Structures are given as structure tokens and as C-alpha cells.
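The following paragraphs lead from the contact between two chains to selected local features within them. The sequence and structure are shown first.

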Protein chains: 2
Amino acid sequence: MPDTTPTRVQIALMPSGRKGQVPYGANLLDAARLLGVELESICGGRQTCGKCQIAIEEGHFPKHAITSSAGHLSPMSGGETSYREKHAMLDGRRLACACEALGDLLIVVPEESQARKQIIAKAATDRVIEIQPAVRQIYVESAEATLEDHHGDWERLGAAIADQWKLTGLTLDPMVLPTLQPALRSGKFAVTLTLWHDREVLRVQPGYAEGAYGLAVDVGSTTVVAHLCDLRTGAVLATEATMNPQVKYGEDLMSRVSYAMMDKQGASRLHRAIITALNDLAKRAAERAGISTDDILDMALAGNTVMHHILLGLDPVELGGAPFALAVDSPLDLKARDLGLKLGVSARIHVLPCIAGHVGADNVAVQLAEGPHRQDEMLLIVDVGTNAEIVLGNREKVTCCSSPTGPAFEGAQITHGQRAAPGAIERVRVDPVTLEPRYKVIGYEEWIEPGAELPDGVRATGICGSGIIEAIVELYLAGIIDSDGRFNENAPERSPRVRFNGRVGEYMLADSVHTASSNPITVTQSDVRAIQLGKAALYAGVKLLMAERGVTQVDRIVLAGAFGSYIDPRHAMILGMIPDCDLSQVTAVGNAAGDGARIALLNRDARSEAAKLAREVVHVQTAVAAEFQNEFVGAIAIPHATDPFPHLDGQLPAKTSGGAIVRRSQRRRMNQPA
Amino acid sequence: MPDTTPTRVQIALMPSGRKGQVPYGANLLDAARLLGVELESICGGRQTCGKCQIAIEEGHFPKHAITSSAGHLSPMSGGETSYREKHAMLDGRRLACACEALGDLLIVVPEESQARKQIIAKAATDRVIEIQPAVRQIYVESAEATLEDHHGDWERLGAAIADQWKLTGLTLDPMVLPTLQPALRSGKFAVTLTLWHDREVLRVQPGYAEGAYGLAVDVGSTTVVAHLCDLRTGAVLATEATMNPQVKYGEDLMSRVSYAMMDKQGASRLHRAIITALNDLAKRAAERAGISTDDILDMALAGNTVMHHILLGLDPVELGGAPFALAVDSPLDLKARDLGLKLGVSARIHVLPCIAGHVGADNVAVQLAEGPHRQDEMLLIVDVGTNAEIVLGNREKVTCCSSPTGPAFEGAQITHGQRAAPGAIERVRVDPVTLEPRYKVIGYEEWIEPGAELPDGVRATGICGSGIIEAIVELYLAGIIDSDGRFNENAPERSPRVRFNGRVGEYMLADSVHTASSNPITVTQSDVRAIQLGKAALYAGVKLLMAERGVTQVDRIVLAGAFGSYIDPRHAMILGMIPDCDLSQVTAVGNAAGDGARIALLNRDARSEAAKLAREVVHVQTAVAAEFQNEFVGAIAIPHATDPFPHLDGQLPAKTSGGAIVRRSQRRRMNQPA
């Protein structure tokens, strides 16, 4: 082994596998960057933040083989020693910024030291999100002000930022300017800056500081959900939800639009209501996480088009009628204070883009989370509300549309319909032989059978969306209603629960002793018709997109939104809401819009991705598509086994004739709860 | 003459003299642009705004000589005819946008149709300002929203802007977003947009609209002046001034800084006071001009460093002591609403840059107005306040400094000193033989002589800055005080107005019957000392810059600020405040800072120019310059005829010895008022 000092040494970094030569004596933080591996660092190499920890495995490259790696590394510096005295460090760990490469090295970069981390968030759906937030912190040491230097503190600091972080052209939020001089002086001219997109300074804190937080919010018509995240680690520190207070001005979207149309102050009242709710959510989330709302400096917002417009202070009136023109569809970057949001004084808001009058930022967020544009399989995403938003596509092309399902799936326009709330019947089974029902109400664990004793306070108050779908499918499977949706006139002979008033039938689902009103809860002929219209619209929309994409089958179906979580995919398929698909490939993803907002909060590239997908998605306007009406009419009936649902083969009644009942396979019974 | 239609025709434009060939049939608005002559146009060539009017003189180019220009121009269009029916147009005028070049043309572009107009503003100082404001209006016709087009109105409008005005990447102030859809619909999808730097939309108005206004403001310690300007024409529509309400927290700058230091709420109280004053000024100016404050969409702000900081909500404490660090020196672009200014909701503010702790945005504005960096002659600009800001230079290099003159020139630290306000003695003459005084008080036209009968309400209340300077110079010229500033012990023999208390002399300027307090107003030995210290500091600063620039003489002197307007240059020169210079080359420019702000308001390039000059000016720190103390000590005495003031030759007393009086030339008497 020659005794000469090499001018360059070889370095390999794991797990990336990157390797290359760097100058002898190179700082490992710089060396890693040189080789394309970005290490975490807030203090900018000052051995104070401890974020750039690495482990040295071995140094056994052919050229300078060694037995111990120690000799290839510079000894521990005073700064690193002092860091170790104050903080716990795992054995074998070193601060990359305190190490010089004095020989070949194999460096292992632990997960937490990788600047673009993959994290598995624990709240809501577990998703892998690459952490690269729009808002991040840097530590800077500025030159002191002197009589000889006539420049401003900000300009002096700017020079230090350019020197230490290679960032130029930064602006300072004017509301933050008053904190600059006090922070510089109390930090002895060292400060931690919180940056937005490496372009604007949102906060100046004295000395070394940690803590930048963000809120990801999905503003739903009914529920508003906020995730408070640590922008450095991506961790969800708190998730808070609240009822959308606009509900008091109108239960569903269109009634809120009507309210804004009829009352001159309507739009601004709706706007103030949601802003108040968001402020309340932020406050609660901050309290739960033990931080101040002043520490929240970024926010990503998703919501349907009406929520999006109202939130921005826009009158949603144009969304209430053709041509359903959005005021703006592009993503927006705002200051929280301009919307009256009480976060950090300089806090930013990123509003995700919309696609069309009925396809909003919530749908873009869902696409961001589910990524049809990132995969090969043909993915169908269905998000059911007053309008169903339907997305179909893969990496080649993504199409979307909205379909006017009406509010039946949300329990509106149903005789005993109601929102999903405690007391609502959410699941239903009907015995195909006895025609007796069993059902579950929200807020009570047990299935309720006729004649059961119920605890005080547990009573059925109505039927919510998932309940009415299951009820109608069960009535169909039991032969009580026909494929065309009519009550079978022979059914009353089989059970007194089925009654006719003239030619209009109904089924008594909950007995009066089990209801809050002491009146029975029934499923009526008009309920069946409302659901038929809704599901036909949904299915017609799906067919339209399948035609647009030129496919006759989808590989996977995702049911998005709260409704999607409650609905039983099998019932949805029997009803003909969604096309045939292997049931194992049908999944409910819950609040995927909230997840999408969280992704946009934690990853700035995801914001560009969302803007791109919103721009590139092919939107099909159902209202002007001629085929839509044809598909709609064809989809009104409940499908038979002869319809193209091979995955449901054997689970559907053969074409009913008179009152004859055909037994279905046992599989269905096994799927039923015990 | 050949009968063939030419493919190109020749066009000449006056007064620019530009000429060249353009395609046959070219629209004249486009043709002019092609040849580098920008015509005014708000409607973008739709024959509705009437801004692009031209006169066709003749078409007699060699190639296609004609006798009448009519045949070389397309006939009047329907749009132009319709415009003429509604608006008065001078004979021979045509709308360039409605004309096609069908032959050679000599086009005269009237002043008002030139896009970059030179205007002579009528308010304040008359100055030639090239009108090219940061805020301008454009008229755009957007495509209508349809069911087939799923894009937002903003995106559709953006496409129209790109098409019709070649502007892309515009953003829309979020506070303006709510007005977009109503404006588009009430304007039948045609709107007038007000743009900031062709980057951001500040306002959306239905159809064709005119009217964008701006405020140019100089925030002085004592007075705040605002010019309300039409941003299209540059016309000053109203000028309003008000006392700076911060005066109640401290008469001069340093006492306000002290107030902010001593009272925790001080800085924010000072801030709110000036914001309230600015809102009041804007309201008054808008009322006078007959517009709404909502129409004010831009503002240019100048002020000294303390005013600059307080206005921005910054605690001025750092400016109160060495090293006098500015928080920021660069120019700032803010939203008016972020400062609580009640202009248009999206109104912009441009804050001019500062140079150093004592050389503020007001000085930059003065430089912008007076342009030392644009000329060959060596220009000295002196702006006297508690600190004198001194600028010396020419296009090669400009230097500046501030010099601690103390508040004596503002009437403070003077026994009977006061601010320039009604009742203050502002002009003084002393008869060199009788030693009897004459003086003028602010608010009364006549010179007051001893024994005069004064109307009720007219009484002297004190001596302001210009008064004390003239008094001391007159006392010196009359031999009452010596060159070293001491009261001559023999003077009491010549007049009872000179008295000694021990060895300390004083001069009775106003008799008790002429004063508001019924006590005489005197000039004391300590007053002379205070003025000597002040003028020595000023002169030392000037000498420092002359040394820095390597010159022994200046070509021209500009006295800036209100004080400069009141002071008699000859007295200032006799006192030794300013260096020797041909008196005809000494001018007072009044509120040049306000003019500079107006230039920055009306011309966006001037903002860049101001930023550049602030960056490039060489600042000399008097507090650390060793020569400053030498120059200061050497400048305390009042100069003799033997001092280097050749232009004052014969106007100064020879070195006094004992009580002997030397007659001065008659020139001085001729300069005195009759």
C-alpha cells in the first residue's frame, strides 16, 4: 500500500448506491450532494442541528483497501463533540457536516437523514409521501451591522443566504419585516428562516429554531377535515374534523347555490361561515399538537367547485346553471391573511386546481392520491355526491366527467332519507324467504331484528345513502321488486311488510317500536325510482368514459369519499352503479381528497403534478354528450344475470316471472354478517 | 404613374421621423409599432377608445407620388364613424387602428397619442416626466363560457389577453377574483383590466372603462404631501398636504425614536398615526379630484429612514444609535391593504429604496428628480434637517453622506426657536449703521419695523430656521457678532438692542409689543453657537464629499426640502453653510422628494433607476471619517472675505477689529426688499 496521500477518494452512498470520486478532505455533506444524494440539514453544516447523521460502514474499495474505516474519516470536531454532549446519538453515527473524507468510504444514510424522505403517515390512509415541502427552514449566520457597512440588515442577511445556501432573489413578506431586526439581534445575527418555495421568507426566528407546520384541508359539503402536519418529517400531528357550518344555509350544494342566488349577502355569509370553521379547526389542531397557530405557515386546500368558490369569496351562482362556468380553474397561491385565516401572519395557502364546473379540486386531490395517471391498469374512480365525479384512465390518458346523480345517494329525496348521522339506517339485509329485515343504525353496533329490545336512546331515525342502496338491492334479491324497479304485486302475499296503496308499493323496514318518531320507516316505490335515476346517471357516466377511452372493462375500481367507505361494493355492483369488476379489485379509499391535500402540502412537486393532471385530463361534458342519454335510459333497470356482470354470476335472481323466487348461491349468505 | 397595386408602401411618422416600408393594407396602429412608434391604445385596436388618433399630412414619397392623401388611406370604417358620432374629433384626425395604408403616408402623431408621452406636470415643480406607469389599463374581449369549454373564466380571459395583448403569465389579485365573473357577464365578456407591471391584474371592470390613479407621497417628519395623479396622462389632479400627526409624539425625528424606545407601544402608535394620516390624505385628494379612493391603484412612497421604517411598521430603534442599521434598504413592492391603507383593494405600493441609516428614500427621490447621475456638471444637493443629507456628483460617480447638523436649523435648541409656522420670524434684516432690525413673520406679508402698528392677531411667536440663519448673518454683517461667533463687546455702545449679561451677549430682535408673549424675542450667544455647530457639520460633510470626488469646486448647488426654499442662498453662503458657487447656480427645488416620488409613480423605469442609483451611490460615513472632525473644527468660524468664497467677494466685512465697521458694497442693499 503506497504511503502517498490521494488527491481524490472514492465514496459510495447507501441505500441509493450512488458512488463517485470526491476531492480528498471533502466535507461529507458536500460530497454527498456532489454525488446527488441530498442529506437533511437545517443548520447548513454548522454541526448544530444533527439532521445529517450518517453511519460509516466500511471502506474497502480496490484502490485504497483498508481494514478500519476510522482512518478514512477526520476525527471528531469540537462542534460534533459538543452536539453529542447535548443530544443522544446512536453508536456509529457521525454528523456528515463534521466529517472529512480522508479515504474511500461506504456511507449509509439512514432514512431520517435523507432530505427527500419517504414517509408512511399514520393518520388517515397510510400513504407513501416523499417529503419535499414548499415551506422549509434554513439557519443562516449573518454579518453584524457596522458603521462601515451602510446596507440594511435584510441585504446583509441576503448576502449570507446567497453565500451559505446558494439562494438568491428571496423576498421577505412585509408583515415579517418588523421581526427581522429584533430576531437578528436576539440571535446574535444568526437566524432561522422559514422559506416558501425558496423564494419568500415567511418567518425569521432568532438563532437555531425548529418547527414549521402545515394544514391539509378537504372542505366537503358536509364535513371539513384538517390534518396538521410537521412539514419537516411529514408526521400528522393532529387530525380534526367538523361539520361544514354552511349546512345551516342549505343541506346540499345546490341549495347553498340557491341561497347565494336569492340572498344578496348569501355568498359572503357562506364564505364567512367556512372561514370561521377553518380557523376553529386550525386552533383545535394546533392545541392538540401543542403548537401555536402562528407556527402554521402553509396550507393545502381541496374541495368541490362550490366549496372552492365560496372559500375564495366567489359567488357560486355561475356554478348553479349552464354552462357551469368556473371563475378560475388553475391552482392558486394565496396569503392566508387575505382570506381572513388566522395562521402565521405570513402563512401561505395552496388551493388545488379545479377541472370543470362540476369536477373540483377535491377530485384533483383524489387523482393525486390515487394516481390513475401514474399506472398502467385501467382505473375507475367514483366519488358519489349530488354529482358523481367519475375518473377513468391510466398513464396514457385520463378522462373524467361529472354525472347528475341527484341527491338520492345522500339520503335526500328519499321518503325517510337522511344524512349519515347517528340513528340513520346504514346497512340492510332482507331474508329472501321470510322477507324479514335486519339493519344497522349508525351509532349502535348490533344488527337490529324485528322484535329486538333496544337500549334507551337507540332508535332508527331514517335511512342514509348506503342504507337505501342496500335496502333496494336486498328487496330486489328477495324478489320484492323487479328488475325494472317495480314492487312485485305478488309480494304482499309473501309478507305483510309489503303493502300496496293502489298500484304503488312500499316495504316496512323498521317497525314503529324501533323508530324515534314511533312511525314505521318504509322504502317506497318513489325511493326506488330516485335511486334508479341516480345509479343510471352514474353508470351512464362510467360508460361514457369507457367509450371515450375505448375500453369495455376496467381493471380496478376505487370508491372515493365518505359514501364510498360505507357502501358495500357488491351491493353497488348488483344495483348497477358500477361496472363489472373482480370484487377484490374494488376498494373504498375514504377521504382520498384529504390525502391528496396532504400530499400537496408535503410535496411541492405534487403541486405541479396536480396542476399538470388538471390541465391534461380529458373532461367529457355529460350534458352535451348525445350518448349519455342513451346510456342513461339503458341503465335504469337493475341488471340481470344476463347483463354483463360476469363477476356477479350466480348472485343475481334469474329474470323474475310472477312471484317465483329463484334461490341464489350460498356465497351471498356467507358474506352476510353472522 | 403605374396602375399596379404596390405590395409595400412607405410610411413616415412625425415628430419621431421614423420611416420605413410596411405591407400594403397594413393597419396603421400595427404599422407604427412596426416602425418603433408606440401609439396609445387602451381598446387594443377596436376603434372604441379614441386614443390612437393621428393626422395624415401628405403622401409624397418619390415612388408613388400622389396629390391627395385620401386615396392612400382606407375609407372610414363603421367603427370609426360610430366613434365620431359619440366623441368630438379634430378635423383631419383619424383613428390609426381604423386605417389601412393603401399608399405612401406621412403621419403626424399628436402629443396625446404618443404612448410614452412627455408631460409637463402643473402641480408642484414643473418637470418633464415620461409617462410609463407601472399600472395601466387594457381592454380585452374574451370568449364566452360554453358547455363545451370546461375551463374557468380566468383561463379563457388569459387566452384572450395572450392573443390580443401578447401578455402571458398574468396573475389575478385574489381579492379581485370575486369581481371577475360579474364583470365579464355585465360587460358581455369584454372587460377592462388594470395591470401592475403587466404581471398582475389589479382590477376588472365591465366593458370599456378608463381611469387608473396613483398617489405620490413624501412622508416628511413635519409635513406629509400627496399628489394624486392620472396614471394615463400623468396629470396631477390634486395635491394635499397635512401635518405629520407623529409630531405629537416628538417634534423631531430623534425624539420620535426615543418615544419608540421608551414606550413599548410607541412604534405601533407612530405607525398607526401615519397610516391614518395617509388614508385621510388619499380621501381628501380623491374627493378633490372627484374620484373614489377605490380608483387609486398605485402609490409611490418616499420618506427619510425613520419615516420609512415607521411607515412599514418597523421599530425605528436601531436608527437611534450606532451603527444606525436599516432593517432594509432595497425598494419594496407591497399591497396597500397589508399596511392598512384604504385605496383600491388590490392597490400596490412602491417604497423607494434607502441608502444608509441617515440617508433615506426621500434622498433617493431627490436624486431621482435632480439627476446628478444623469449630468456632467458637478452637482451638490443639500437637504437640511436634523441631519443634513448631502449628495455630490455627476454621471461618473455620485457620493453622499449625512451630517449631524442638529436640530438648530429647524428652530430647535434656539432660545426663541420654533417650527416654521404662522407667527415665526422667517426673514431678518439688520441695518448695519443703526443696528435696527426689520423682519417678516409667516402669515403676514409686510416687513415689520420697530414701532410699526400690527393688525390684531399678527404677532411674532418665535424664530424659525431660515429666520435664525438670516438673523445671525445680518448680525455678523452689521459687526454685532465676530467671525468667531462671539458678540462684539463694543456693540452695546452702538445700540441698546445689544446687551451683555456678564460676558454673554444677546440681540433684541422683536420688541415685546410685537410678540405674542409680550416678551421680547432675542438672538442669544447660545443661538449663535448652535447655528455655528450646525453649519460647521454641514460644511464639513460637503468638504468630505468634495475630497471623495477630488474636486475643489462645485458647478451647481441645489437646496432641497422646504427649508431650502425659505433660506436665502446668499445668507447661507455668507454663513458658510454651503461652499462658494455662482449665486445664479444656487437654486431651491422645494419638495424635490415629492417630485421624485411622482416620477417613480408615473414611470416604472424610474423605479429601476432609483434602485440602481441607491445601489451605486458611494456613501461616506461621517461618523468614521477622520477628516470629518478636522473639517468640522475648521468650519466653525463664519468665513471672511479671505476665505475661499470668491463669489461673495465684497459682500463680507473685512476682519473686524474692535468696534470698527467696514461699509459693504451697495449690492447688498439692492438685494434687500424695498
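In this predicted model, the contact between the two chains draws 43 residues from chain B and 43 residues from chain A. The size of an interface is often given as the accessible area lost when the parts come together. Here, the area buried between chain B and chain A is about 3,500 Å², and carbon and sulfur atoms contribute 59% of it.

Side chains of opposite charge can pair when their charged atoms come close. Between chain B and chain A there are four salt bridges; one of them joins A:Glu318 to B:Arg185, with 3.0 Å between the closest N and O atoms. Residue pairs in polar contact between chain B and chain A number 25, counted where both residues have pLDDT 80 or more. On the side of chain B that touches chain A, the elements giving two or more residues are helix 3 (153–165), helix 4 (177–186) and strand 16 (332–335) of chain B. Helix 4 of chain B supplies the largest share of that side, with five residues. Sorted by class, the side of chain B that touches chain A comprises 23 nonpolar, ten polar and ten charged residues.

The relation between the copies can be considered next. Two copies of a chain are related by a rotation about an axis and a shift along it. Chain B is superposed on chain A by a rotation of 180 degrees with a shift of 0.1 Å along the axis, giving an RMSD of 0.2 Å. The two copies are therefore related as by a two-fold rotation axis. Within chain B, B:Asp338 has the C-alpha nearest the axis, at 4.5 Å from it. Both copies use the same surface, since 100% of the contact residues of chain B recur in chain A.

Within chain A, the side chains of A:Arg337 and A:Asp173 form a salt bridge with an N to O distance of 3.1 Å. A:Arg337 is in the loop between strand 16 (332–335) and strand 17 (348–351) of chain A, and A:Asp173 is in the loop between strand 9 (171–172) and helix 4 (177–186) of chain A, so this pair ties together parts that are 164 residues apart in sequence.

Several features concern the backbone. Helix 6 of chain A, residues 266–289, has 24 residues and spans 35 Å from its first C-alpha to its last, close to the 34 Å expected at 1.5 Å a residue. Just after this helix, A:Gly290 adopts a positive phi of about 70 degrees. A:His197 likewise has a positive phi, of about 50 degrees, although it is not a glycine; A:His197 is placed in the loop between strand 10 (190–196) and strand 11 (200–206) of chain A.

A cis peptide bond leads from A:Ala322 to A:Pro323, with omega near 0 degrees, and A:Pro323 lies in the loop between helix 7 (305–311) and strand 16 of chain A. In chain B, B:Ala322 and B:Pro323 are joined by a cis peptide bond with omega about 0 degrees. B:Pro323 is located in the loop between helix 7 (305–311) and strand 16 of chain B.

Finally, A:Met508 belongs to strand 25 (residues 504–510) of chain A. Its C-alpha is separated by 6.5 Å from that of A:Val523, 15 residues apart along the chain. Leaving aside neighbours within four places in sequence, A:Met508 contacts A:Pro437, A:Arg497, A:Pro520, A:Ile521 and A:Thr522.

Notes: Residues numbered from 1 in each chain as written. Chains lettered and ligands numbered in written order. Heavy atoms only, no water. Contact = heavy atoms within 4.5 Å. Buried area = accessible area lost by both parts, 1.4 Å probe. Polar contact = N/O pair within 3.5 Å; in protein donor to acceptor, adjacent residues only side chain to side chain. Helix = DSSP H or I, 4+ residues; strand = E, 2+ residues; numbered from the N terminus. Nonpolar A, V, L, I, M, F, W, Y, C, P; charged D, E, K, R; others polar. Least-squares fit on C-alpha atoms with pLDDT ≥ 70 in both. Expected span 1.5 Å × (residues − 1).
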